[in-house]
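Open the model in a viewer and keep the selection panel at hand.

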Amino acid sequence: MTADHGSSLKLPAVPERRNIRDHVAHALRAALIAGELRPGVVYSAPALAGQFGVSPTPVREAMLDLVKEGLVEPVRNKGFRITAVSERDLDEYTEIRRLIEVPLVGRIARTAAHRQLEALRPTAARIVEAARAGDLIGYLEHDRRFHLSLLSLAGNQRLVEVVGDLRKRSRLYGLTSLAEKGVLVASAEEHEQLLDLMLAGDAEAAEGCMRDHLGHVRTLWADRHAGDGASVGSLGPPSRGDGG
């Protein structure tokens, strides 16, 4: 078991404010996305608190929130270990999302008002802008907002919650290499293509676009370290560590 007390991390200080726990949790998720926090490594709450410039309590509380999401697991008397996401996990998460999102997109294409769909256009554009800029945090935040806002048009909040939870559990670690290669742009542009199909009322084509999109996202994850010998659960040091 690898242990890391957090002394080498370069995480941003978090301002003292009432919702500090939420700020810490957000910063930790961002560090996971960028690869600053590595799967299999144990991090102590006091050491991370020193990096954030806060007391250990909100860090522990934030870590416990991430435990509920399956992103970390407690290690008695040591801290929290970042959990690895296996290829099988991702395959299963993707399969469940397809079962939910593909037919739901078809239903929404048939029933949603044009103004409701057009309201998602700015978010779709921001996904593309973030991908082109290599802004991982912005890319994933806008992507999440787009997908969950789109699904909410079906009027079933429970399904939205289920997909939101699946997205958290399949959080993609260490995406820096993909951003640097520029391969996120094509996936980002699929959101605009999906909107065009839905606005045209082509429910069948929209379902196909969503099915392909989820498959492309899964492929991107599988290829994120192509050529560098890394694998899920054994990520090496990130090529850069400023994603927090």
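Begin by selecting Glu118, Arg121 and Asp196, which a network of salt bridges links together. A salt bridge here is a side-chain nitrogen of Lys or Arg within 4 Å of a carboxyl oxygen of Asp or Glu. This is a predicted model, in which local features need pLDDT of at least 70 and side-chain atom pairs count only at pLDDT 80 or more, while totals for chains, interfaces and linings use all residues. Residues are numbered from 1 along each chain as its sequence is written, and side-chain values use heavy atoms, with hydrogens and water left out.

Next, select Arg167 and Asp143, whose side chains meet in a salt bridge at 2.4 Å, N to O. This pair links distant parts of the chain, 24 residues apart: Arg167 is in helix H8 (residues 157-169) and Asp143 in helix H7 (residues 136-152). Helices (H or I, at least four residues) are DSSP runs, numbered from the N terminus. Are the two partners buried or exposed? Arg167 is buried, with a relative accessible area of 12%, and Asp143 is buried as well, at 9%.

Stay on helix H8 and select Glu161 and Arg158, which lie 3 residues apart and are therefore separated by about one helical turn. Their salt bridge has its closest N and O atoms 3.4 Å apart. Glu161 counts as partly exposed at 41% relative accessibility, whereas Arg158 is exposed at 58%. Side chains of opposite charge can pair when their charged atoms come close.

For the last stop, go to Cys209 in helix H11 (residues 203-222). Cys209 counts as buried, at 13% relative accessibility. Which residues does Cys209 touch, not counting those up to four places away in sequence? Display Glu190, Gln193, Leu194 and Leu197 to see these contacts, a contact being heavy atoms within 4.5 Å.

Definitions and conventions: Helices (H or I, at least four residues) and strands (E, at least two) are DSSP runs, numbered from the N terminus. Buried means under 20% relative accessible area, exposed over 50%, partly exposed in between (1.4 Å probe, protein chains only).
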